[in-house]
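The sequence and structure are shown first.

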Amino acid sequence: MNQNLKTKQDTNLDIKKGITPEQWKAEGEKLFGKDKMKWRFICPSCGHVASVQDWKDAGAGPGEIAFSCVGRHLKDSANAFSKESKKGGPCNYAGGGLFRINTKHVEDDYYFEFDHGI
Ligand SMILES: [Zn+2]
């Protein structure tokens, strides 16, 4: 009797799973080439575009790249979700904070979207 319910739940679980890290990597390479330092991502809070190199230069750890705004490591960054952050940032948005707005779904987590601008 609960067969339909169970099937529905299983389907929902599948939907919750994002793309694989391999698919993410393939997408990045297609956009920016094999040099990951040149890959660029957009902060979902302030719209600031940062490359992996920018995060490294700012002293961010690997877990912050494409997850928390590079502004967290820069002086005078705008507060995430503030009016100033809407002017292009960078800001102090943290992907693991109270408000999680990262949209790129990779496996069990969410990251920044790639910057598709040139
Ligand atoms: Zn930001």
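Two strands are said to pair if DSSP finds at least two bridges between them. In this predicted model, strand β1 (residues 40-42) and β2 pair in the antiparallel sense over three bridges. The protein chain contains three helices and five strands.

**Overall organisation**
- Along the sequence, the elements of the protein chain follow the pattern α-α-β-β-α-β-β-β.
- The protein chain has 118 residues, of which buried residues make up 27%.
- Of the contacts in the protein chain between residues at least 6 apart in sequence, 47% join residues at least 24 apart.

**Sheet**
- Three strands, in the order β2-β1-β5, form an open sheet with antiparallel pairing.
- The edge strands of this sheet are β2 (49-51) and β5 (113-114), each of which pairs on one side only.
- Strands of a sheet pair through backbone hydrogen bonds, in either a parallel or an antiparallel sense.
- For R40, the bridge partner in β2 is S51.

- Y93 lies in the loop between α3 (52-58) and β3 (104-106).
- Y93 counts as buried because it has 29 C-beta neighbours inside 10 Å, the cut-off for a buried residue being 20 or more.
- Leaving aside residues up to four places away in sequence, Y93 touches C43, S45, C46, S68, C69 and A80.
- The C-alpha atoms of Y93 and A78 are 8.9 Å apart in space, and the two residues are 15 residues apart in sequence.

Technical notes:
Residues are numbered from 1 along each chain as its sequence is written. This is a predicted model: local features need pLDDT of at least 70, side-chain atom pairs count only at pLDDT 80 or more; totals for chains, interfaces and linings use all residues. Helices (H or I, at least four residues) and strands (E, at least two) are DSSP runs, numbered from the N terminus. A residue is buried if 20 or more other C-beta atoms lie within 10 Å of its own, exposed if 12 or fewer, and partly exposed in between; C-beta atoms are placed from the backbone. Two residues are in contact if their C-beta atoms, placed from the backbone, lie within 7 Å.
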